[in-house]
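Subject: Structure handover

Hello,

The sequence and model are attached below. Notes on what was found follow after them.

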Amino acid sequence: MPSTNSPIGVFDSGVGGLSVLRAMRSLMPEEAILYFGDQGHVPYGRRSMEQIQNFSEGITRFLLGHDSKLIVVACNTASAAALNYLRERFPAVSFVGMEPAVKPAAETTKTGRVGVLATPATFQGALYASVVERFAAGVELFQHTCPGLVGQIEKGDLESTVTRSILEDALHPMLEKNIDTVVLGCTHYPFVIPLIQQIVGEKVRVIDPAPSVAKQANRLLEAQGTKSQRWERASVRFFTSVDPTDMQSMLPLLLGESGEVEPVTWKNDCEIKA
């Protein structure tokens, strides 16, 4: 049974969820965390909904098997495809998911024109459609899937000409339409905010959803009475479904701290063997 000292489980298709983990570590450093990067299946954006649901269920079972008290789906694609599914499968578990920050963008835009960067699966999901329907009335949205960007970030390639070219292809047409806000609809994308800001200029706001997700996780812990009572900074355990070397080498760059990454193996698309 999870307790105040139990960890929070966090997962993503790869290293993108580290942007959410970074925000969580800043807001609540006393919370122990398990982070699972499913790099063996990255990117999720090109997978079927059924596959993503299977992966998400397997990872959730793995994290719950390690006594997680809350599950953060730190992946927009998995949230779009599997969050409702997970809540139905695990009704006693609290989940925090990702949704594109269309609401704050719509509330603050001056031009009424907003750019959204996300994966195809996120754009095609019911969650995104619902957010747009509820919050984007009267706002014109310009969407781009940034093909290849997740792969660049998985390699830690945050500033190269290839990465810049991908972003310029997405953002220049949006700038020509007079956008004043860019919404990041993939947890990988906050790692290239400095490059995005270079391209769009200081007058365009770039919205990183990670701090809001960290705040929601904190609110849920308070509501269910499971916030950590520690005074000291807690540890993070990292897991990946490929050789751990790459993730381990990228932790200082993407997270700002180091750690040992433990390998796990998929027995099939639904079950993980540690």
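Which unit do strand 1, helix 1 and strand 2 make? They make a right-handed β-α-β unit, with helix 1 at residues 18-27. Right-handed means that, with the strands pointing away from the viewer, the path from the first strand over the helix to the second runs clockwise. Helices (H or I, at least four residues) and strands (E, at least two) are DSSP runs, numbered from the N terminus.

Before the rest, the basis: this is a predicted model, where local features need pLDDT of at least 70, side-chain atom pairs count only at pLDDT 80 or more, and totals for chains, interfaces and linings use all residues. Residues are numbered from 1 along each chain as its sequence is written, and side-chain values use heavy atoms, with hydrogens and water left out.

Strand 2

Strand 2 pairs in the parallel sense with strand 1 (residues 8-12) over five bridges; pairing takes at least two DSSP bridges. Strand 9 (residues 236-240) also runs parallel to strand 2, joined by five bridges.

Pockets

A pocket here is an open set of points on a 1 Å grid over the protein atoms alone, where a 1.4 Å probe fits, with protein on both sides within 12 Å along at least five of seven lines; lining residues have an atom within 4 Å of a point. Volume is the space filled by probe spheres set on the points, which are joined across faces, edges and corners.

The largest pocket has a volume of about 660 Å³. Its lining has 31 residues, and Gly97, Met98, Glu99, Pro100 and Leu127 are the closest to its centre. Helix 3 gives the most to this lining, eight residues.

The second largest pocket holds about 220 Å³. Of its 15 lining residues, Pro43, Cys146, Pro147, Gly148 and Val150 lie nearest the centre. Helix 7 (residues 149-154) gives the largest share, four residues.

Cysteines

There are zero disulfides (cysteine sulfur pairs within 2.5 Å). The sulfur of Cys186 is 6.8 Å from the closest cysteine sulfur, in Cys75, too far for a bond. Cys75 is buried at 3% relative accessibility, and Cys186 is buried at 7%.

Regards

How values were computed. Buried < 20%, exposed > 50% of the residue type's maximum accessible area, 1.4 Å probe, protein only.
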